[in-house]
Protein chains: 4
Amino acid sequence: MKTVVLVYSGGLDTSVAIPMMREDYGFERVVTVTVDVGQPADDITVAEEKARALGTEHYTVDAKDEFARDYCFRAVKANGDYQGYPLSTSIARPIIAEKAVEVAKLRERNLTRTEEIEYAKAKVVPISQSVDKIWSIDENLWGRSIEGGRLEEPDYAPPEEIFQWTVSPQAAPDNPTDVTISFKEGIPVAVDGKQFDPASLIGEVHRLAGANGVGRVDIMEDRMLGLKVRENYECPAAVVLIKAHKALEALVSTRKEIAFKNTVDQSWADLAYEGLWYDPLKEDLEAFIDRVNTRVTGDVAVRLYKGSATVIGRRSPLALYSEDLASFDSKTFDQSEMAGMVKVHGMQARMYRSVSGNKG
Amino acid sequence: MKTVVLVYSGGLDTSVAIPMMREDYGFERVVTVTVDVGQPADDITVAEEKARALGTEHYTVDAKDEFARDYCFRAVKANGDYQGYPLSTSIARPIIAEKAVEVAKLRERNLTRTEEIEYAKAKVVPISQSVDKIWSIDENLWGRSIEGGRLEEPDYAPPEEIFQWTVSPQAAPDNPTDVTISFKEGIPVAVDGKQFDPASLIGEVHRLAGANGVGRVDIMEDRMLGLKVRENYECPAAVVLIKAHKALEALVSTRKEIAFKNTVDQSWADLAYEGLWYDPLKEDLEAFIDRVNTRVTGDVAVRLYKGSATVIGRRSPLALYSEDLASFDSKTFDQSEMAGMVKVHGMQARMYRSVSGNKG
Amino acid sequence: MKTVVLVYSGGLDTSVAIPMMREDYGFERVVTVTVDVGQPADDITVAEEKARALGTEHYTVDAKDEFARDYCFRAVKANGDYQGYPLSTSIARPIIAEKAVEVAKLRERNLTRTEEIEYAKAKVVPISQSVDKIWSIDENLWGRSIEGGRLEEPDYAPPEEIFQWTVSPQAAPDNPTDVTISFKEGIPVAVDGKQFDPASLIGEVHRLAGANGVGRVDIMEDRMLGLKVRENYECPAAVVLIKAHKALEALVSTRKEIAFKNTVDQSWADLAYEGLWYDPLKEDLEAFIDRVNTRVTGDVAVRLYKGSATVIGRRSPLALYSEDLASFDSKTFDQSEMAGMVKVHGMQARMYRSVSGNKG
Amino acid sequence: MKTVVLVYSGGLDTSVAIPMMREDYGFERVVTVTVDVGQPADDITVAEEKARALGTEHYTVDAKDEFARDYCFRAVKANGDYQGYPLSTSIARPIIAEKAVEVAKLRERNLTRTEEIEYAKAKVVPISQSVDKIWSIDENLWGRSIEGGRLEEPDYAPPEEIFQWTVSPQAAPDNPTDVTISFKEGIPVAVDGKQFDPASLIGEVHRLAGANGVGRVDIMEDRMLGLKVRENYECPAAVVLIKAHKALEALVSTRKEIAFKNTVDQSWADLAYEGLWYDPLKEDLEAFIDRVNTRVTGDVAVRLYKGSATVIGRRSPLALYSEDLASFDSKTFDQSEMAGMVKVHGMQARMYRSVSGNKG
């Protein structure tokens, strides 16, 4: 039987595709798949209902844990950020594609088969057509993007109504919320001392940050094909976790590592943004990233307050700072030993001045 | 007459150096120079009084305008930032050294000679010894650093008392302040439509940002010799102006320019941090930076609110965004033309999978 | 009158396009342009004859001097090299396009109008169809590429017959030829003390290098769309001039400049290879490149011998080497001053070992 | 007993240190260690004899195999090259230091104790003082450096007498020698189909290359402290193996990998050159390097001829080139599909021209 597998959101575009596959392309069997990466539960249900109404063989794949662990936390290790955007939609696409392929091969366990296909056919369920939305929304555990209409204009202040995950900074509580994130080898494992599985940890940080107005991102973004678009995101967990992770790296990595990893992270983000999740370079970069993260273990205290997240403390057994280590500097040197340093520092610049007759 | 020129802050270290130069090194004439780069007026006066008391030939050089124009604004064009630190002390040192050299050559016009040397000798002015300060402070137009004591510990929350330029976010006004910065070729020229000379513009942004708790920087910083230190800064004008400048660059520069300038800016900051202001590479990088900035003209609206500065709008006659330009994308393509793109994108990654037998 | 301007090589593809433009696209006037960037004189003549035979209004634009000066020598300043390929065809395309546009606007002076259009129409000149060539050749002042057939295979040794500009290393003279290239601000200006205009200088170096078997390039090259192709080039002048230029940069630039310019040059080459000659980033990079080259003045001696070009001496008034400068090191230091240096060097690495308990 | 361990070459400097350690610093027991990393056997013997004569407890550590495998071949994987210099002395220092530390701990097996200490004391062996050498030589498996006298001058052609490992190109055979190097995961494992252990493989390539005048390196080099020095090296095996390795990488790595690894390799070489062999960044970079090298398996044919080494063929089961893969391009596309590509390519550059009114 000629079969097609469709990734199905329940939205208009993908709904229209179903009869098209049957009538225009002659597929006898249409399988639809909704991959749950943390979008609203309602969206999942609507997709199931519509699929039933349209008579497809429908599967819901719960990929939230895998998405949190292998995609979001990989982004944390890489400080995943493209021009200020925490890559939330970008990193969800590869797992959605992968899960759809697994359904096509029917060797995935974590599926929910929507059984009552015949029911729909008999009852002709009316598909509730959502009223025309002005905004185009994309949501998953890692973030929410809001696009469309005047939002694309660089100089248009986004209306408060587009935000659902974060309160307005002005509406946030008058007292700050301090939260401590614990990392183990670059992976966030606990919030305020309490251990969470990956998806739940993201949920917990999301809740705390969103309640304090933290996580809104408003940038000009260069699309892959070259167009600039003004973008609005809400990524409360991503913003806080990446900020904390970087602060911990600053404590345990050397200056040279921090500088070079900045270059590595940037290339990682470019690949993730461009959908090149399976590019061999990405795996090479991750070998570097994982190596650095073996030492990114410790706690970071973050203050959430009316829209801002500020690191107020960091601590690690592998810190390159300690009172003992500080003595590397102060105890080891006397001033006179610095004479050689001072002479050497900038020597080529002085030679250059000497040769070129320039001031300085 | 054997002469020495000392850069003089009025503090203990440099005060002690004066008799040392006379007695231990045999200088008959000791010239002291205080370069005004925006430190508190009191510090300037104290330096003058102490110099008089110690019987030196003292000069005060007002370098505020030059510092603002040729150093701070150069840092804006380069988005000057070293590990989160806006380089405030770093960029002041070269101008202080340069002014001291000019005094040594006595060909600088903008000096104030402190005349009453004899007076001090006669009256034996008691030099008020400031009570022991816990914190070591360094201040100029571009920022204020606070060091010392427990502040160096990565996990010690800085006490509110160390801050003088910024109110606590919680003490800041309950309503946001929106401010528009206008740039011309990368240089900030106006605030809310009103033109300012460089030093005054920095002062105006300082005032607005500081009043809203904006500009505190709290980081782990890698010193040049390799030691990590936790640092606290207040840089209200620097933080706001650089954020606005970057937002404008994001509107007028291409994706490739933004990515490459990030690398250039980072190298610029490293040189500035290391005191290599006259390194030839710095001048080479500035040729690049100036070229990009020829197009960084326009207005950026920034919302200041309880510790955070958020860009809420940007506009430029040279924006690579406009409704017309948006049509480069939407009008020019039909979907079918994208087929070739899609096939080409990631082709080497697919070849790699095909060759290495990996999944993907 | 509906007019089209065609860039015309005289080859089959572009010849076929002429009747197509008339018959299929309805152009009444077909203007053909051959831009002379140093391809064989015969090719120019053949293009003129065929254009005459096909009845087009034909122009030959002599762009050799401009190509040498503004394109090839710009490549020298940038050490223009993409994966080993000196970019010869890549940098010719923009000037060819530009000249064709100028012909379209008819405001170019340096043109030769091929007058006898009517003659061809009357006589019906038989267009000599060249016998099937196995190799596809592209030639200009800066290089010659040979493609096609088995040459694309990574493991096929290219037959001697494909080379025309360089003798085989084995057939080259038994004694080396030493040649001195003089540069002024990064531009080659003289060979063995004799001044040449740009195109002639390239010709002179071409002659000397080719006669010694120097300039063959045989690489795997990543095409823009992702395909790897094995490529063979002959670029005698490019290979020698870029090698000499780099050797001079190594004498006059600082270590930091050399390292950073390597990154800049690489990005420049990527843009040139991808045909992005007018990309704003390219102009930004050139601001950096030009700044560094202001000091690239001096002489480089190169030994040409049986396929290899070896720098054997370099000299510059702006060298960061001289016996006096060498004394920066030896005279200025005594060993004991180095103690501080030694302690500082690698300090973070030692801290890291101390913290992580690793050996080293 | 107060003991000191000295790394001992048998040269004047380290010989002088022995009585100094006893008389000036009061060490009762002086242990000397010569680490054999491939320097001439005579040097080892001389060191042993002199140590005996000077009455030290002397050990010779044969580290050739370990040096070849863990240092030289690591350099091959990283294409180890600093400004043209294959880092031969740089990468030997860390293993020499490590072996000396092992002797100090006396837990190394591969030692030869020089027994006859008493003999020397009795007989008072005259230590043959080598006649004053003009050149300062450093040799190991990976290369030979020659310094001193006029050789430091940038414009002095090195005399033929300084070379011992390579014949002059002119004296090399009149017929080329073709050699095939086989790599497995980035490591050279066979020469012309014959397997060798690491040290022997280096020896074999050394022999073939040196006999054809291949491996001389003559550069301006920026020393760590900022001084430029002209340097002469002979590194026949390093030059050929790294060239072959890069050619194989060009066949099996993607364009993005090649470009990024260039940056990684450069940082690796900087660390190696500066003696930061144990820097954590070096290990991070090696995680990346090793990941890329998992696919660097195959054969490279190199032609050695009168001073030059030219890659003439490359083959790999993991090549991103094959006739089938070539069809990714040719079979998959028709020309019309490229229309979209062409429109997109350089779009931002065109927008920029449109906005800024520039030509292009």
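Two residues are in contact if their C-beta atoms, placed from the backbone, lie within 7 Å.

## Basis of the model

This is a predicted model, in which local features need pLDDT of at least 70 and side-chain atom pairs count only at pLDDT 80 or more, while totals for chains, interfaces and linings use all residues. Residues are numbered from 1 along each chain as its sequence is written, and chains are lettered from A and ligands numbered from 1 in the order in which they are written.

## Chain A overall

Chain A contains 12 helices and 13 strands. Both are DSSP runs numbered from the N terminus: helices (H or I) have at least four residues and strands (E) at least two.

Of the 360 residues in chain A, 48% are buried. A residue counts as buried if 20 or more other C-beta atoms lie within 10 Å of its own, as exposed if 12 or fewer do, and as partly exposed in between. Among contacts in chain A between residues at least 6 apart in sequence, 76% join residues at least 24 apart.

## A sheet in chain A

Four strands of chain A form an open sheet in the order S5-S6-S11-S10, with antiparallel pairing. Strand S5 (136-140) and strand S10 (216-222) of chain A each have a single partner strand, so one side of each is left without a neighbour in the sheet. On average, neighbouring strands of this sheet are turned by 25 degrees against each other, direction ignored. The axes behind such angles are lines fitted to C-alpha atoms.

Two strands pair if DSSP finds at least two bridges between them. Strands S6 (residues 143-147) and S11 (residues 228-234) of chain A are joined by three bridges in the antiparallel sense. In S11(A), A:Asn232 is the residue opposite A:Ile146.

## Tyr156 in chain B

B:Tyr156 lies in the loop between strand S6 (143-147) and strand S7 (177-184) of chain B. B:Tyr156 is partly exposed, because 13 other C-beta atoms are within 10 Å.

Apart from neighbours within four places in sequence, B:Tyr156 is in contact with B:Arg150 and B:Leu151. B:Arg230 is 74 residues away from B:Tyr156 along the chain, and their C-alpha atoms are separated by 9.3 Å.

## Where chain D touches chain C

Here 39 residues of chain D are in contact with 39 residues of chain C. Elements of chain D that give two or more residues to this side include strand S10 (216-222), helix H7 (236-252) and helix H12 (347-356). S13(D) gives the most, with six residues.

By class, the side of chain D that touches chain C has 22 nonpolar, six polar and 11 charged residues. Ala, Val, Leu, Ile, Met, Phe, Trp, Tyr, Cys and Pro count as nonpolar, Asp, Glu, Lys and Arg as charged, and the others, Gly among them, as polar.

Notes
Axes are lines fitted to C-alpha atoms, for helices over the stretch in contact, and angles run from 0 to 180 degrees between N-to-C directions.
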